[in-house]
Amino acid sequence: MTKFEEIGAPLARRIALAAQGFGARPARAPKPADLRRVLGKVHLHQIDSVNVLVRAHYLPAFSRLGAYDRADLETLAWGPRRQRALFEYWAHEASLLPFELQPLLRWRMNQADRGEASWGRMRLYASERRAEAMALLDRIRIDGPLAASDFESHKGKSGWWEWSDTKRALEWLFWAGHITTAARRGSFERLYDLTERVIPATVMALPTPADADAHRALIAHAAAAHGIATDKELRDYFRQSPEQARPAIHALAEEGVLIPVSVAGGKHGWLHRDARRPRRIDGRALLAPFDPLVWERDRAERLFGFRYRIEIYVPAEKRLHGYYVLPFLLGDRLVARVDLKADRKAAMLIVQSAHFEPDAPEDAREQLSAELETMAAWLGLELAPLKP
């Protein structure tokens, strides 16, 4: 029986943190190159519409770099074509991704185009209602970037889940790769445009890899971003199925890219061959609920002993920790969680509650206060007093 190297929780935490770009001293004034470096490590920033603090896609870079200029991310995502480097697509949920990943996700686009992916009634636009979707595509081709609200048939619909048939058709076109996001309006509404008018021709001209090759490349990216992970965690990063991920993991193991290990909790896992094994991580960061370090909740609990659940959809009276709760990383541990709200009218960052772990170090409150001051300044707010 093969005996795998056993990697305990403390080392596994440090490997995971280093792989995600934590531990390096942030630059005083992070530049676009620093932002690109972070994106090169994590591969994607998950998008979420909740704006009670700041939209979630801005936070992972802040957690790793400190007070970077959010306009730099907006330029990479929705700026002038020559300055763009990111596109929107379904990866780990709705995400911002580097252009070079687009060919690796064409299998998902092709599935949607055939009606084998996407949600419920959206699939009808791949078959019996396809002509309706193609008519919208033609309108965008002629008129240029349009939002769902620009179509008369969408009038009167609002809200994230109040989707009209027009919105469903547009989202199917998006999922199938026919259109992508050209820009975002002030309300964060998508402006759709033809994919080939957003993504550079050099990327669009790249050959579409065989599905097996694409899955292997995505698992390799996920493994590098994790440092150390189980099968489930690897496939969750880009939301691949077990059937898609299993052959990719085995192939990468045979190539020596993935090294089998026993990870914290006695689970079988994989160590990326290039993963660093730091002796120390000096982290201090507030993490978005959708940060890649913690979005797989079982992994966060196994590595950090930190049980974390987002309670946005939990009735207020049943919440344990609050509405928009960010874990607080100190050193190589998650030592607290804070429920934050940006009161933009009053220009205040409000800490609605703060909960410290039983084994939090003595300076955890002081360090949290300092990080909250940094966040408040980054958001152009004053920090409301932290309750005792």
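**Reading a cavity and a helix**

Biologist: How do the residues of the lining of the largest cavity divide into nonpolar, polar and charged?

Modeller: In this predicted model, the lining of the largest cavity divides into six nonpolar residues, four polar ones and one charged. Among the lining residues are Phe87, Glu88 and Tyr89, together with Met109, Phe174 and Ile199.

Biologist: Which elements give two or more residues to that lining, and what is the volume of the largest cavity?

Modeller: Strand 3 (86-91) and strand 5 (179-184) are the elements that give two or more residues to the lining of the largest cavity, and the largest share, three residues, comes from strand 3. The volume of the largest cavity is about 40 Å³, and the count of cavities of 30 Å³ or more comes to one.

Biologist: Turning to helix 11, where do its buried residues fall when seen down the axis?

Modeller: The general idea is that an α-helix has 3.6 residues a turn, so residues three or four places apart point the same way. In helix 11, the buried residues are Gln244, Ala245, Ala248, Ile249, Ala251 and Leu252. Seen down the axis of helix 11, these buried residues fall within an arc of 165°, so they line one face of the helix, while Glu243, Pro247 and Glu254 are exposed on the other side.

Biologist: What do the buried residues of helix 11 pack against, and what follows the helix?

Modeller: The buried residues of helix 11 pack against helix 5 (106-113), helix 9 (211-226), helix 10 (231-237), strand 8 (258-263) and strand 9 (267-272). Helix 11 itself covers residues 242-255 and is followed by Gly256, whose phi is positive, near 85°.

Definitions and conventions. Residues numbered from 1 in each chain as written. Predicted model: local features only at pLDDT ≥ 70, side-chain atom pairs only at ≥ 80, totals over all residues. Heavy atoms only, no water. Helix = DSSP H or I, 4+ residues; strand = E, 2+ residues; numbered from the N terminus. Expected span 1.5 Å × (residues − 1). Buried < 20%, exposed > 50% of the residue type's maximum accessible area, 1.4 Å probe, protein only. Arc of directions from axis to C-beta. Contact = heavy atoms within 4.5 Å. 1 Å grid on protein atoms, 1.4 Å probe; cavity = no way out; pocket = protein on both sides within 12 Å on 5 of 7 lines; lining within 4 Å. Points joined across faces, edges and corners; volume = space filled by probe spheres on them. Nonpolar A, V, L, I, M, F, W, Y, C, P; charged D, E, K, R; others polar.
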